[in-house]
Amino acid sequence: MHEYSIVSALIEQCEQHARANQANKITRVEIKLGVMSGVEPSLLQTAFDTFKLDGICRDAVLNMQIQPLVILCHDCQSESVLSERTVVCPACQSYRTTVLDGEDMLLMQLEMEQNED
């Protein structure tokens, strides 16, 4: 399950941002997850809940904004927003399309705290 390695890299990225901002606690992690990213949201959530326990993200909530697939058709020039994993233009059934969005997983926002000790 590659979600474990993805979460490991995500938590490492969160820790780097926390260090750069002198924070010692992350309370919220906001990501954008494309439907064509190859990542299963429920498995990602499970992996995050498992791996966050021993670090700066232990109290963090993971929020996933699921990004639909956005394609541009080269035959009819229409741009379509799709919730399913297909690259066929719904307007003209052409396969000559380009994916504009919905393939990536991006860290969008972190909510951090800095405790004074």
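In the predicted model, helix H1 comprises 18 residues and spans 26 Å between its first and last C-alpha atoms, close to the 26 Å expected at 1.5 Å a residue. Six residues of H1 are listed as buried, namely Glu3, Val7, Leu10, Ile11, Cys14 and Ala18. These residues lie on the same side of H1, because the arc they cover around the axis is only 95 degrees. An α-helix has 3.6 residues a turn, so residues three or four places apart point the same way. On the other side of H1, Arg19 and Ala20 are exposed. The buried residues of H1 pack against strands S1, S2 and S6 and against helix H2. Beyond the end of H1 comes Gln22, which adopts a positive phi, near 50 degrees.

The sheet is open and consists of three strands arranged in the order S2-S1-S6, with mixed pairing. Its edges are formed by S2 (61-67) and S6 (105-113); each has a single partner strand, so one side of each is left without a neighbour in the sheet. From one strand to the next, the twist averages 15 degrees. Strands of a sheet pair through backbone hydrogen bonds, either parallel or antiparallel. For S1 (residues 25-34) and S6, the pairing is antiparallel and extends over eight bridges. Within this pair, Ile31 is positioned opposite Leu107 of S6.

Two helices pack on the sheet. H1 (residues 3-20) touches S1, S2 and S6, and the direction of H1 makes about 45 degrees with that of S6. H2 (residues 41-51) likewise packs on the sheet and touches S1, S2 and S6. The direction of H2 makes about 160 degrees with that of S2.

When neighbours within four places in sequence are set aside, the contacts of Glu111 are with Lys25, Ile26, Thr27 and Arg28. Glu111 and Arg28 are 83 residues apart along the chain, yet their C-alpha atoms are separated by 4.9 Å. The contacted residues Lys25, Ile26, Thr27 and Arg28 fall within the range of S1, residues 25-34, the strand with which S6 pairs in the antiparallel sense.

Key. Residues numbered from 1 in each chain as written. Predicted model: local features only at pLDDT ≥ 70, side-chain atom pairs only at ≥ 80, totals over all residues. Heavy atoms only, no water. Pairing = 2+ DSSP bridges. Helix = DSSP H or I, 4+ residues; strand = E, 2+ residues; numbered from the N terminus. Axes fitted to C-alpha atoms, helices over the stretch in contact; angles between N-to-C directions. Contact = heavy atoms within 4.5 Å. Expected span 1.5 Å × (residues − 1). Buried < 20%, exposed > 50% of the residue type's maximum accessible area, 1.4 Å probe, protein only. Arc of directions from axis to C-beta.
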